[in-house]
Amino acid sequence: MRDNAGIAKTSLLHTDREMDNVAINWDEIKVDVPEKNYDKLASPVGTLVMITTVDREGRINGASFATCFRNNHIPTCYEFSVDMHKDTAANVLATGEFTVNIPPFDRSVLEKVCILGLPFAPGVNELEKAGLTAIPSRVVKPPRIAECGSHFECRVEWTKQWLETRLTVVGRVVAASVNRDCIDSEGYVIHDKLRPAHYCGHAYNTKDGAAKFVAAYEVMEVPMVYTGPEAKMMTAVGAPPPKRG
Ligand SMILES: Cc1cc2nc3c(=O)[nH]c(=O)nc-3n(C[C@H](O)[C@H](O)[C@H](O)COP(=O)(O)O)c2cc1C
């Protein structure tokens with residue numbers, strides 16, 4: 001069941017899959033992450049995302065972004081850039097809110113990611129066009145996308161218009177959630193469960209418009225092999241930087 005804004009009601013928790021007679025309780029699947037673990041959840045630091053916003057009337061907008069990343073540890077903040085004439089820019093400037101959703105490296109979801117890159121008219125709900133499921137966010141109005149593994153609800157810290165038509169947006173995470181099976185008991189991401197992706201870039205699209213993606217969840221632990229004094233100057237996340245000179 002959906003409300004007027006097209007959001008799946010968590011109270012009844014029925015979604016598109018209702019048609020298959022399968023009711024999904026998203027609160028059983030998605031777990032809230034405490035603020036102390038926002039930074040751990042933002043891993044890898046930058047991957048393909050789908051960003052949701054709403055306009056002044058509360059109409060949902062969804063758009064895909066390859067270039068969105070966590071740009072500060074504490075407070076945890078996300079940054080992305082978008083053309084000024086895009087709905088995402090207009091909505092962020094109008095409402096000061098956005099939600100970053102991390103899609104999995106899954107063909108059926110990546111097909112929908114590509115649909116969210118199309119230039120739909122303002123006010124069109126791209127999530128409905130793509131067959132994605134909007135579920136309410138915890139704090140902000142832009143919804144979470146159920147098919148994504150993790151979600152960062154953001155309030156705008158600052159924006160900057162540059163190159164005439166480009167808008168860079170930085171938002172502070174005010175709530176975060178994740179599929180229960182994608183984090184461990186200490187709040188660390190289980191990367192091969194979350195299965196984030198990267199976009200190869202527009203230059204790699206085929207002539208008939210197929211996009212290419214790279215899986216972003218092969219993890220390698222790399223020790224510090226440099227033994228000079230600088231190696232001992234590494235500080236804990238969030239600690240003030242070491243004094244110079
Ligand atoms: C896979 C993919 C990645 C994209 N990455 C970016 C990006 O990093 N920056 C950007 O400005 N647009 C990017 N786009 C294009 C936007 O999604 C597109 O301009 C979209 O129409 C914006 O929607 P809106 O008008 O609803 O905001 C990407 C599109 C796709 C399909």
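Me: Why does Arg-195 count as partly exposed?

Reply: This is a predicted model, and here Arg-195 has 19 C-beta neighbours inside 10 Å. Buried would take 20 or more, and exposed would take 12 or fewer. You'll find Arg-195 in the loop between helix 6 (191-194) and strand 11 (197-199).

Me: What makes the phi of Arg-195 worth a remark?

Reply: Phi of Arg-195 is near 50°, a positive value, and the residue isn't a glycine. Most residues other than glycine have a negative phi.

Me: How do you know whether Glu-164 is buried or exposed?

Reply: Count again: Glu-164 has 6 other C-beta atoms within 10 Å. Exposed means 12 or fewer, so Glu-164 is exposed.

Me: And Val-174, what is its label and why?

Reply: Val-174 has 18 other C-beta atoms within 10 Å. That falls between the cut-offs of 12 and 20, so Val-174 is partly exposed. Val-174 belongs to strand 10. Leaving aside neighbours within four places in sequence, Val-174 is in contact with Val-139, Val-140, Glu-153, Cys-154 and Arg-155.

Me: What can you tell me about the largest nonpolar core?

Reply: It has 45 residues, and Leu-41, Val-49, Ile-51, Tyr-78 and Val-100 touch the most other members. Strand 10 (residues 166-179) gives the most to this core, five residues. Nonpolar side chains tend to be buried together in soluble globular proteins.

Me: Which peptide bonds are cis?

Reply: One joins Ser-43 and Pro-44, with omega about -5°. Another joins Ile-74 and Pro-75, with omega about 0°. Most peptide bonds are trans. Pro-44 is in the loop between helix 2 (38-41) and strand 2 (49-54), and Pro-75 is in the loop between strand 4 (68-72) and strand 5.

Me: What surrounds the ligand?

Reply: There are 18 residues, the closest being Ala-63, Thr-67, Lys-86, Thr-88 and Gly-117. Strand 3 supplies the largest share, four residues. By class, the shell has ten nonpolar, five polar and three charged residues.

Conventions: Residues are numbered from 1 along each chain as its sequence is written. This is a predicted model: local features need pLDDT of at least 70, side-chain atom pairs count only at pLDDT 80 or more; totals for chains, interfaces and linings use all residues. A residue is near a molecule or strand if its C-beta atom, placed from the backbone, lies within 6 Å of it. Helices (H or I, at least four residues) and strands (E, at least two) are DSSP runs, numbered from the N terminus. Ala, Val, Leu, Ile, Met, Phe, Trp, Tyr, Cys and Pro count as nonpolar, Asp, Glu, Lys and Arg as charged, and the others, Gly among them, as polar. A nonpolar core is a set of buried Ala, Val, Leu, Ile, Met, Phe, Trp, Tyr and Cys residues joined through C-beta atoms within 7 Å. Two residues are in contact if their C-beta atoms, placed from the backbone, lie within 7 Å.
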